[in-house]
Amino acid sequence: MSRGYSIGEVAKLLHVSRDALRFYEKKKLAAPSKAENGYRYYSEEDIQLLLDLVFLRKIQCSIQDIQRLYEDRSLAYTESFLDRRIEEEEKEIRHHEQMLDKLIVTRYTRRKIVGSLGKYTLRPIPRTYIFSEKLPDYAQVREAWSRTIQEEERLENCYLHEQSDLRCGGDGRCYYLVLEDYAVKALGLEEAAKTAPSFAFSQCVHHIYASKTVSPTEADIQSMVRWAREQKISLTGEVHAHYLLNHYRKGKLETSYIEMYMPVG
């Protein structure tokens with residue numbers, strides 16, 4: 001005759017808590033015997049059933065899933081159940097892979113700030129892809145960003161890019177969504193980028209700085225122009241800018257890190 005196991009012994013054997021075992025009993029997924037003193041005792045068969053149950057919980061099956069499995073033990077139902085769970089897990093994996101890609105691109109942006117903050121330099125600007133139409137004001141490009149991510153969530157990392165022209169007194173300003181080549185590849189957007197317009201500059205005056213606004217002020221632009229003149233660098237007149245990262249305090253913008261560059265003529 002096989003001996004009975006106490007709830008403590010079963011909990012230790014299966015690496016679960018006593019509360020979990022009581023919960024399974026409450027849900028009628030386990031039915032240990034009870035002695036006159038009220039103590040629970042589990043048979044070998046009870047432990048085998050619990051072993052299967054613990055395995056199902058470890059592969060993220062809900063209590064409702066397990067109850068249905070126990071009610072319908074047909075192979076056809078088990079197969080359809082496993083097909084559904086595999087589909088759910090694959091979807092979850094894809095979601096986490098996309099989240100990881102976005103985190104990597106966000107870290108790239110932060111490292112760009114750390115490496116260039118407060119410095120005027122002369123450097124190339126990598127291939128940059130445009131993922132929206134060019135719009136006349138900032139509010140419209142924010143709305144375009146909101147619409148775009150409904151269709152393609154991976155475009156959440158887009159910069160809200162601003163372009164103006166010094167030759168027009170700063171007029172001719174337009175706004176659009178962009179991603180650098182690094183981000184396009186990291187996010188797996190190469191196919192979408194094939195049909196997107198793009199630009200790249202072999203040399204630009206480049207600056208990343210902390211601001212109280214998300215757009216460069218006239219003073220910010222003129223400071224960059226003066227630096228270029230001091231270095232005897234000729235500019236085309238184009239001004240490109242976007243914020244990279246914002247910090248908030250008590251619900252208000254405290255610091256915006258702006259990247260600004262002007263192509264060399």
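**View A. Buried residues of helix α4 in the predicted model.** Helix α4 spans residues 63-71 (helices are DSSP runs of H or I of at least four residues, strands are runs of E of at least two, both numbered from the N terminus). Its buried residues are Ile63, Asp65, Ile66 and Leu69, where buried means under 20% relative accessible area with a 1.4 Å probe and protein chains only. They lie on the same side of α4, because they cover an arc of only 155 degrees around the axis, taken from the directions from the helix axis to the C-beta atoms. Among the elements that cover them are α2 (18-26), α3 (44-58) and α5 (contact: heavy atoms within 4.5 Å).

This is a predicted model, in which local features need pLDDT of at least 70 and side-chain atom pairs count only at pLDDT 80 or more, while totals for chains, interfaces and linings use all residues. Residues are numbered from 1 along each chain as its sequence is written, and side-chain values use heavy atoms, with hydrogens and water left out.

View B. Glutamate 162 is buried, at a relative accessible area of 5%. Its side chain makes a polar contact of 3.0 Å with the side chain of serine 215 (a pair of N or O atoms within 3.5 Å, one able to donate a hydrogen and the other to accept it; residues adjacent in sequence count only if both atoms are side-chain atoms). Leaving out residues up to four places away in sequence, glutamate 162 touches residues including Arg173, Tyr175, Pro216 and His240.

Definitions and conventions
Buried < 20%, exposed > 50% of the residue type's maximum accessible area, 1.4 Å probe, protein only.
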